[in-house]
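Open the model in your viewer and switch to the cartoon view. This tour tells you what to select next and what is there.

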Amino acid sequence: MRALKKQLIYNLALFLFSSLLSVLPAIAASDLEAQEGFARARAKSLQKETDHTAHENHLDKSMEFHGVFYGYLPCNDCDGVKTTLSLQQKNNYLLVTQPAKESSREYYERGKYSWDDENRTVVLTPKKAGTGTRRYQIENEGTLIQLNDVGIRMDDYVLQRSDTYKSREVHIH
């Protein structure tokens, strides 16, 4: 019985060892393939004159036009309105306004924005019914100018992108 048990253990060890030896070339080959793939990727990333325009697909320009815009807009019954417009991902926006009055509170408006490439405008459509859409003409990458209901520029209603604006703080005197 002992001899049979010893023979069984020997056969099992031999079987495991031989199956391990058959797997080693496959592991070595896959490791070599991975190293070659990494070398190709590294060489490609180091190329300085790679043209990425072939794989860029910007069908929706609004996906490129994100940011926070600030401005101090005119007001009929106050000294002005501190305005912050945040154009966020997935075409969401947040508009925060605060009139320059004593103990005035901030007003928030959320909604969706769309991009009109032909007219170079951004159209804000609020979530709440009853408030109308707002349109801004894109003067350049850092400046938005609000348009009135008939599409005429209101030159005093200008918002500047935060990275081009000198200071986020608007001092009310």
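Here is a tour of a predicted model, one stop at a time.

Start with the strands. Eight of them, β1 to β8, form a closed barrel of 8 strands with antiparallel pairing. From one strand to the next, the twist averages 30 degrees. Strands of a sheet pair through backbone hydrogen bonds.

**β2 and β3.** Select residues 81–87 for β2 and 92–99 for β3. These two strands pair in the antiparallel sense over 7 bridges. Now find S86: L94 in β3 stands opposite.

**β1 and β8.** Next, select β1, residues 67–73, and β8, residues 153–161. Their antiparallel pairing has 2 bridges. Show F69 and look across to R161 in β8.

**β7 and β8.** T143 has Q160 in β8 as its bridge partner. In their hairpin, 5 residues sit between the strands. Click on G151 there: its phi is positive, near 95 degrees.

**Q146.** Is Q146 buried or exposed? It counts as buried, because its relative accessibility is 12% and the cut-off for buried is under 20%. Its contacts beyond four places in sequence include L73, Y136, M154 and Y157.

**The core.** Finish with the largest nonpolar core, which has 14 residues. Select L85, L87, Y93, V122, L124, L144 and L159, the residues with the most contacts inside this core. Among the elements that give two or more residues to it are β4, β5 and β6.

Methods
Residues are numbered from 1 along each chain as its sequence is written. This is a predicted model: local features need pLDDT of at least 70, side-chain atom pairs count only at pLDDT 80 or more; totals for chains, interfaces and linings use all residues. Side-chain values use heavy atoms; hydrogens and water are left out. Two strands pair if DSSP finds at least two bridges between them. Helices (H or I, at least four residues) and strands (E, at least two) are DSSP runs, numbered from the N terminus. Axes are lines fitted to C-alpha atoms, for helices over the stretch in contact, and angles run from 0 to 180 degrees between N-to-C directions. Buried means under 20% relative accessible area, exposed over 50%, partly exposed in between (1.4 Å probe, protein chains only). Contact means heavy atoms within 4.5 Å. A nonpolar core is a set of buried Ala, Val, Leu, Ile, Met, Phe, Trp, Tyr and Cys residues joined through side-chain atoms within 4.5 Å.
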